[in-house]
Amino acid sequence: VYSKTRVKYPMVRRSYLANPKGDTRRDLRGKEPFVRVSWDEALALTADAILRTAEKYGNEALFSSSYGGWSHAGLLRPQVLQGRLFGLIGGHSVTTGDYSGGASQVSLPHIIGDMEVYSPQTSWEVMAEHTQVMVWVGCDPFKNNRIEYTVADHQMVPRWKQIKERGVQFISINPQYTPTDEALGSEWVKIVPNTDTALFLAMAYHVYSTGKHDRAYLDKYTVGFDKFLPYLLGQDADGSPPKTPEWAAKITGIPAGKIVEMANLFASKRTQFAGAWSLQRAHHGEMTHWAIINFAAMLGKIGKPGEGVGFSWHYGNGGMPQSNAIVPVGLSQGRNPVKARCPASRISEMLLNPGKTYVRDGATHTYPNAKLIYNAGNNFMSHQQDTNELLRAMNQQVDTVICQDPWWCASSRFADIVLPATSALERNDISYGGTYSNDKIYAMRQVIATYGESLDDFEIFRRLAALLGVEYGFTEGQTVMQILENAYKATGHKVPFAEFWSKGLVTMPIPTEMRRWVRHGDFHADPVKNKLHTQSGKIELYCSQIASFKIPDCPPIPKYLEPAEFLGNAQPGQVHVVSPHPYNRVHSQMAQADVRFEQNVKGRQHIRISVEDAQAKGIVSGDLVELYNGRGRLIAGAVVTDQIMKGVVSLEEGNWISLDSKGRCNSGAINIITSSRASSGLSQATTANTCIASLKKCLDAEGENRAYEPPAVTNRAGKLGLNIGAMKLTERAQKIKGATLATMVPGEK
Ligand SMILES: Nc1nc2c(c(=O)[nH]1)N[C@H]1C(S)=C(S)[C@@H](COP(=O)(O)OP(=O)(O)OC[C@H]3O[C@@H](n4cnc5c(=O)[nH]c(N)nc54)[C@H](O)[C@@H]3O)O[C@H]1N2
Ligand SMILES: Nc1nc2c(c(=O)[nH]1)N[C@H]1C(S)=C(S)[C@@H](COP(=O)(O)OP(=O)(O)OC[C@H]3O[C@@H](n4cnc5c(=O)[nH]c(N)nc54)[C@H](O)[C@@H]3O)O[C@H]1N2
Ligand SMILES: [Mo]
């Protein structure tokens, strides 16, 4: 919180400040110095830019990149407050879906009636009692559960250890050996990235051809096996070969004998498949979870105690029993009158193609003509794939970029107006935990004074609302403490608010029956009474709804479709780059903090490289390496290890950006080289894990990594000269809101 990378005062990029309505020299974003301004000036400039954009192009041209909300685990999340403000002034274009589970959140509701990626898992006690084999497919709970969307409570760690002590066998299918595997002693099965679908198809082929599939289960709980089977057997109209273990061995790199051995083991033991989200952040990412579901269904496992499929074991302490208690809810985002949506990871495509139509989940949409980006609590310059493409798109299309963040993160640095927010330690809020157990409510009390001139997100948006004449609609006359108290009281918790606030924590009991809870258990017990929310009410091994969409790159059964780039079509010597979420941080947050020295190599993000690749390229641990492809180049620090397979490197996502004179990112930010290709026309999700690059030792770095230094700040030449009164902000806001003000609250000034 006291890092030199804090934004101390409101800041405006020099050329933007000099001429906000004219040529702002967009090409200098991220390059030229910032100028300190007062809050009054910064907010007037912001309000004016919002209004000018809406006046000229309509409210659709205001784009919120504030997707997700990993910034702050309280009730007053910046992106929610932002949505609330913009809703009151006629709305803005927003993102739809997310990066995390972007493919499966669209496909799985059609297939198994639920997104699954954000759903509670079978409770620990059931797992401990029933499970014999636990299969991690890319899944790494000991890393990914270190954080969560609310407050992580780490209750899973001792519980997994207990499960291990009961003799459960752990198998990890992953190009690298993970912290989970180390903790639980998993057997490591190395797989070529992006080929898991082929593995599960081959195991399905094997159990079918040896008669180990559960015909009665398929009849009772699924539809479409008759349409899936011909594909498995090589009798599909697509002319593809039978999905034999030998076929899959060539694709996955797993020997056919091992595929057969695993299929037999899973068929004969009570087995739970834990699929990561990483699997579906890939080209044709919709296919992988589906293939796992079809295989588990053929073995008759889904819905049985300790068996089946789960796609959220690594998230929200998956496995914690649920309290089902009411959790506190903050201010609502209200209604957004603008209907334009951009799939979360398609920002560059949207900017480069205003007005273009696209399909998602069977419906046709149009990209808005986005001219202003408002970013709060979100680091889109670091999280969006293909940074160079994004920079080109912003240069071409975006007049104003506003970033509201406590730090000089990648997005602040490339913004025109930077509004410094306080950090979570500098204000009051409430949170709860965990995402699935919901068994605690926390008081997030302010513990330090606000830093510099930074303001709480609530206060920044309240002041903007006041300038735009919608303050009452925004606050509804409440202070922050009143909002928090009301939210707490609405949970009905018996501990009074004052006592909760001073204690800091209250707990909620877990009902006994929830300790026996089994994912899909109700459906298994009675598939007629407890139908799934699919069209057929059953598990769809073939999905007629998806078939009806007729999407060329998303078939109605899970097929192995070769990724556009992977080891199977790479040039000799190239590597597949996976970009897992960081062990020591949440995405880009704290990338600048001292904790980075625990893992950084020569001040850069560390990259895991196999012993074989390192030897072939003359790289040793501690060397700088360059990773490059047609999209970009970056420099990272080598960690040579036998815990990653040959041909694959692993570079955690979330570094800030520092470009050298050759355009190389000198801090190792992965998205300089990733592709913005969509998974398919079904979900339009990110494919961050589908990335091929060349690797070499780097001997010509141009100096230290400067990504974690604050940018240059210069004094202004002369006065800003904004006559705020003359800007008539409130009057103009009334006009863009239109004549029918459904959002107007009586008494509003
Ligand atoms: N510590 C920490 N935890 C986090 C986060 C964080 O930033 N830090 N972020 C949170 C968020 S927002 C999300 S979305 C989740 C992400 O959760 P996930 O997407 O499940 O996790 P990742 O960390 O991206 O990747 C996990 C593993 O996937 C493997 N992998 C990559 N590609 C493949 C493949 O093709 N096949 C197989 N079998 N394995 C593959 C990687 O080697 C890695 O070990 O994590 C959450 N948890
Ligand atoms: N290559 C690759 N790219 C990826 C992924 C991947 O696996 N590989 N994963 C993707 C996924 S799943 C996700 S979820 C995204 C994550 O992308 P983001 O959600 O953008 O990630 P964060 O770095 O957590 O960004 C949060 C920002 O909020 C700021 N912040 C913190 N507290 C506050 C606050 O109180 N107020 C305000 N206003 N700001 C605050 C932080 O400084 C930070 O800049 O990345 C995606 N990008
Ligand atoms: Mo995510």
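A backbone N or O atom of Arg585 sits 2.7 Å from a nitrogen atom of ligand 1. Such a polar contact is a pair of N or O atoms within 3.5 Å. Taken alone, ligand 1 exposes 930 Å², and the protein buries 99% of that; accessible areas come from the Shrake-Rupley method with a 1.4 Å probe. This is a predicted model, in which local features need pLDDT of at least 70 and side-chain atom pairs count only at pLDDT 80 or more, while totals for chains, interfaces and linings use all residues. Residues are numbered from 1 along each chain as its sequence is written, and side-chain values use heavy atoms, without hydrogens and water.

Stay with ligand 1. Around ligand 1 are 29 residues, each with a heavy atom within 4 Å. Lys143, Asn174, Asn194, Arg281 and Arg585 come nearest. This shell divides into 14 nonpolar, 11 polar and four charged residues.

Now turn to the nonpolar cores. A core joins buried Ala, Val, Leu, Ile, Met, Phe, Trp, Tyr and Cys residues through side-chain atoms within 4.5 Å; buried means under 20% relative accessible area (1.4 Å probe, protein chains only). The largest core has 91 residues, and Trp160 and Phe266 touch the most other members. Helix H14 (residues 286-298) gives this core its largest share, nine residues. Apart from this core lies another, of 59 residues, including Leu62, Ile417, Val495 and Phe500. In soluble globular proteins, nonpolar side chains tend to be buried together.

How values were computed: Chains are lettered from A and ligands numbered from 1 in the order in which they are written. A polar contact is a pair of N or O atoms within 3.5 Å; within protein, one must be able to donate a hydrogen and the other to accept it, and residues adjacent in sequence count only if both atoms are side-chain atoms. Ala, Val, Leu, Ile, Met, Phe, Trp, Tyr, Cys and Pro count as nonpolar, Asp, Glu, Lys and Arg as charged, and the others, Gly among them, as polar. Buried means under 20% relative accessible area, exposed over 50%, partly exposed in between (1.4 Å probe, protein chains only). Helices (H or I, at least four residues) and strands (E, at least two) are DSSP runs, numbered from the N terminus.
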